[in-house]
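I opened the model today to go through its pocket, its sheet and a few single residues. My entries follow in the order in which I looked things up.

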Amino acid sequence: MTVIRPSRSSDLDEIFSLESYWDYAPHWLRPQLEAELLRPDSIFLSAESPDSRLCGYFIGRILEKELQVLSISVGPAYLRRAIAARLLDCAFSKARLKGCARATLEVSERNIPALNLYKKSGFQIVGKRVKFYNDGSSALLMDKLL
Ligand SMILES: CC(C)(COP(=O)(O)OP(=O)(O)OC[C@H]1O[C@@H](n2cnc3c(N)ncnc32)[C@H](O)[C@@H]1OP(=O)(O)O)[C@@H](O)C(=O)NCCC(=O)NCCS
């Protein structure tokens with residue numbers, strides 16, 4: 001069974017590869033990932049397969065009692081096994097324990113897998129930034145009560 005656990009610096013090579021692999025990931029740079037691990041307001045989680053491979057990760061930050069979802073990706077070999085859904089659930093639990101009442105994010109209207117994931121995890125569309133991304137797509141703003 002895949003384990004969800006806090007990320008470690010030894011995960012960062014694989015996280016950086018995955019972050020660079022997907023078009024829709026925000027493409028954090030390696031130093032940004034290293035800095036994120038050290039932030040006290042960060043929730044940074046890894047999904048590890050039974051054979052100790054990194055199969056996904058989640059990055060979020062807590063700002064004024066709100067969990068901001070910043071990046072989530074799952075490796076191409078591990079898709080549709082509820083790994084992203086479990087990463088989100090774990091992040092929600094941690095954020096609740098830190099007093100958060102709400103989670104927020106923005107996602108491209110063209111990123112159907114992520115949009116469906118977020119809807120299934122209880123997010124609702126609350127706004128739109130028209131033609132926000134470089135590819136001309138709009139950003140959907142989504143919220144969820146924790
Ligand atoms: C979006 C992403 C994280 C989903 O990861 P995942 O582990 O495959 O997702 P899950 O298995 O937890 O899926 C949960 C739900 O999301 C939706 N979903 C996931 N992948 C989907 C797809 N390819 N098409 C349509 N819906 C999809 C479904 O509703 C799914 O539930 P179901 O399997 O019961 O139908 C993954 O596709 C990914 O890494 N994408 C590239 C990076 C990215 O776009 N990240 C988001 C922006 S930072």
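What volume does the largest pocket have? I read off about 1,400 Å³. I am working from a predicted model, in which local features need pLDDT of at least 70, side-chain atom pairs count only at pLDDT 80 or more, and totals for chains, interfaces and linings use all residues. Residues are numbered from 1 along each chain as its sequence is written, and side-chain values use heavy atoms, with hydrogens and water left out.

**Entry 1. The pocket**

I noted the terms before going on. On a 1 Å grid over the protein atoms alone, a pocket is an open set of points with protein on both sides within 12 Å along at least five of seven lines, and a lining residue has an atom within 4 Å of a point. The volume is the space filled by probe spheres set on the points, which are joined across faces, edges and corners.

I found 40 residues in the lining of the largest pocket, and Asn-111, Pro-113, Ala-114, Leu-117 and Tyr-118 lie nearest its centre. Strand 4, helix 3, strand 5 and helix 4 (112–120) each supply at least two residues of this lining. Strand 4 gives the most, with 7 residues. Helices (H or I, at least four residues) and strands (E, at least two) are DSSP runs, numbered from the N terminus.

By residue class, the lining divides into 23 nonpolar, 9 polar and 8 charged. Here Ala, Val, Leu, Ile, Met, Phe, Trp, Tyr, Cys and Pro count as nonpolar, Asp, Glu, Lys and Arg as charged, and the others, Gly among them, as polar.

I traced an open sheet of 7 strands in the order 1-2-3-4-5-7-6, with mixed pairing. Its edge strands are strand 1 (3–6) and strand 6 (124–129), each of which pairs on one side only. Two strands pair if DSSP finds at least two bridges between them. Neighbouring strands are turned by 25° against each other on average, direction ignored.

I then checked single pairings. Strand 3 and strand 4 run antiparallel and are joined by 8 bridges; Arg-61 has Gln-68 in strand 4 as its bridge partner. Gln-68 also has a bridge partner in strand 5, namely Thr-104, and strand 4 and strand 5 run parallel, with 3 bridges. Strand 6 pairs with strand 7 (residues 139–145) in the antiparallel sense over 5 bridges, and Lys-128 stands opposite Leu-140 there.

Helix 3 (residues 83–97) lies across strand 1, strand 2 (42–48), strand 3 (54–63), strand 4 (66–74), strand 5 (102–108) and strand 7. The helix runs at about 145° to strand 2. Axes are lines fitted to C-alpha atoms, for helices over the stretch in contact, and angles run from 0 to 180 degrees between N-to-C directions.

**Entry 2. Two loop residues**

I looked for positive phi in residues other than glycine. Ser-52, in the loop between strand 2 and strand 3, has phi near 65°. Glu-64 takes a positive phi near 50° in the hairpin of strand 3 and strand 4, which has 2 residues between the strands.

Are these residues buried or exposed? Ser-52 is exposed because its relative accessible area is 52%, and Glu-64 counts as exposed at 75%. Buried means under 20% relative accessible area, exposed over 50%, and partly exposed in between (1.4 Å probe, protein chains only).

For contacts I used heavy atoms within 4.5 Å, leaving aside neighbours within four places in sequence.

Leu-33 is in helix 2 (residues 30–38) and counts as buried because its relative accessibility is 0%. I listed its contacts as Leu-12, Ile-15, Phe-16, Trp-28, Phe-44 and Ile-59.

Arg-5 sits in strand 1. At 12% relative accessibility, Arg-5 counts as buried. Its contacts are Asp-11, Phe-44, Leu-45, Ser-46 and Glu-48. Arg-5 and Leu-45 are 40 residues apart in sequence, yet 5.6 Å apart in space, C-alpha to C-alpha.

Val-126 is in strand 6 and is exposed, with a relative accessible area of 52%. I found Val-126 touching Leu-141, Met-142 and Asp-143.

How values were computed. 1 Å grid on protein atoms, 1.4 Å probe; cavity = no way out; pocket = protein on both sides within 12 Å on 5 of 7 lines; lining within 4 Å.
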